[in-house]
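Hello,

Here is the structure I promised to pass on to you. Have a look at it first, and my notes follow below.

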Amino acid sequence: MQLRTPHTFHLPVMGLAFSIDSPVKVARFGISSVVSLSDDALLEHTRSHYSQVYNRPYQPITDKEEDYRAKRTTAFLNLVDEIVKEQLEDLRTQPFTPETELTKYFTLLPDNAPLRVKYNQMLQTIDQEQQKVLQNELRAAIVAGKIDVNIMTKLDKVNYNKDGEPLPQEFSDALAALRGFANSTVQSSVVFSAGMNMRLFAYLEQFPCFLPDLKGHFSKTVIIKVSDYRSALVQGKILAKKGIWVSEFRIESGLNCGGHAFATDGYLIGPILEEFKQNRHLLQTELYSLFCSALASKGIHVPGEIPEQRITMQGGIGTAAEHDFLQDYYGIDATGWGTPFLLVPEATTVDEPTLQQLSDAKAEDLYLSPISPLGVPFNALRGTSSEELKQMRIDKGKPGSPCIKKHLVSNSEFTEEPICTASRKYQRRKLEQLDAQLNTQELTPDAYLLEKESVLAKECLCEGLANSALQLFNIGKKAATKAVTICPGPNLAYFSGVFKLHEMVDHIYGRFNALNQTYRPHMFVNELKMYVDYWKNKKAEQLDTLTDKQEKYLQTFWQNIQDGISYYKKMLPELFRNQLENQVLMLDELLEAEDELLGARLTKAMAIA
């Protein structure tokens, strides 16, 4: 496994396109990022583009080839790995003058990073020979950021041959992506998100790269994105019993994040982090015991020491103070910053019109939308070109999208083979069904309108989340007209404008302020407000037809939020040491949220009614 990167933050996966080439942009500066493997066609287009940019031979891998999805993934990652290694070698040959990328590498580092300290020491050294020694040591110590990959476990459709027969399971979307990663040259991590996929987890066992060598090192590692401690424990145990070590649990806020929002049952991020803090050692030792037993049963060398297991957190972080507190108090190893980097063209890939929309966006332009065909709430931006295209199709009486990529197929209500709920094929049939139910009075006019609105809300994310890169790479005859969907988190409301890479990195480390003039509550308060709103919406949805199960869910959800508020009240002196004014301000915000929660409480009278 490659050496530890020097930064204390990473770039999470963003959409399909927005972080697709982030390693090419930032890895040479020691910054790790995550690439989505969901769209193999986008990987192939990106490989074609960068092969041309870096003057590499390019042999297309068409969808007619056997196992093309895995092959495309491997070829793409190998090219990116090759480019980053070449960039790093070029960096090492540069002089330590103000305009070089070598200098930029060190000036981007945290002030307290050992390499930054040594760099400053080198600058202050008068003796030329000694300065040259220090420069050589600095050059030798440079490490690239990791080229991590994301596999969304729920996106694992079965694929079919030309005769319409299902292919063996190893050719499903997620398994093929994993195989492509495993066969690549990159030494990095696969990030599993969106929950468990047992056949995908079992498939890991087939690749030695995920197992420790005789020295206890891994050439590739596994990261699990989780929303709470229980999820980490359950998934960690499942993998440990297979002899797979989870090298990092990446905690993400259930609602204060970009893209798909997998809300917890009211558990707030503060108490979740506290549970990880209190149980971290227990989690490691329990998983290590299961891991060792599994390796021994397979006759594989058992590491004598517990392998490293990092805990990181992402979602809604917005200031250097929050970044530092997460590390200092909760022991978080690193933080993830996604949404703010959508405003940094040096780090992400966003087409110019969409970048301008992001730059100008206010809080009211950002919403938890129903547009995902998966039926999972999706943080998005209003007024995108994809939304306009969807409305234009509705106005023309032709709702729905042509379903070409089929990554999000999940519904078999009208077909034997699953189709996508954003597709024209599904929406036409569903709307016909609703019309019939209205005519036979199975649906009331109000219920009909709600159902129809839900159907028409869905957008084609396969195209929308990929098109930004195709526009910038000028791929396809109609690239400039391709509609874009973008998925920033609510945190975007506090960042305006377009930033340089060094400005956003300096913001994270407290050397620059990238926030706009909008008042920004603490990240804990922002998420709390989202959960109060989410609970109130759930209550409104279920109240008319409330079952005992739904009532229990709502009551538990409510109590978990209330417990979170109590936790934050106790944490105020830790959060704002010697800052009484900030303590009072956040207490007022907590009391306001508590009043709103108490005022909306589910009473016995409501439940009986």
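A word on naming to begin with: helices (H or I, at least four residues) and strands (E, at least two) are DSSP runs, numbered from the N terminus. This is a predicted model, in which local features need pLDDT of at least 70 and side-chain atom pairs count only at pLDDT 80 or more, while totals for chains, interfaces and linings use all residues. Residues are numbered from 1 along each chain as its sequence is written, and side-chain values use heavy atoms, leaving out hydrogens and water.

Let's start with helix α14, where K425 has its place. Buried means under 20% relative accessible area, exposed over 50%, and partly exposed in between (1.4 Å probe, protein chains only). K425 has a relative accessible area of 40%, so it is partly exposed.

Q427 is also found in helix α14, but this residue is buried because its relative accessible area is 1%. Leaving aside residues up to four places away in sequence, Q427 touches P399, G400, T421, A422, V455, L456 and K458 (contact means heavy atoms within 4.5 Å).

Q441 sits in the loop between α14 (424-439) and α15 (445-456). Its phi is near 65°, a positive value in a residue other than glycine. With 70% relative accessibility, Q441 counts as exposed. N474 lies in the loop between α17 (467-473) and α18 (501-508), and has a positive phi of about 55° although it is not a glycine. N474 counts as exposed too, because its relative accessibility is 62%.

Best wishes
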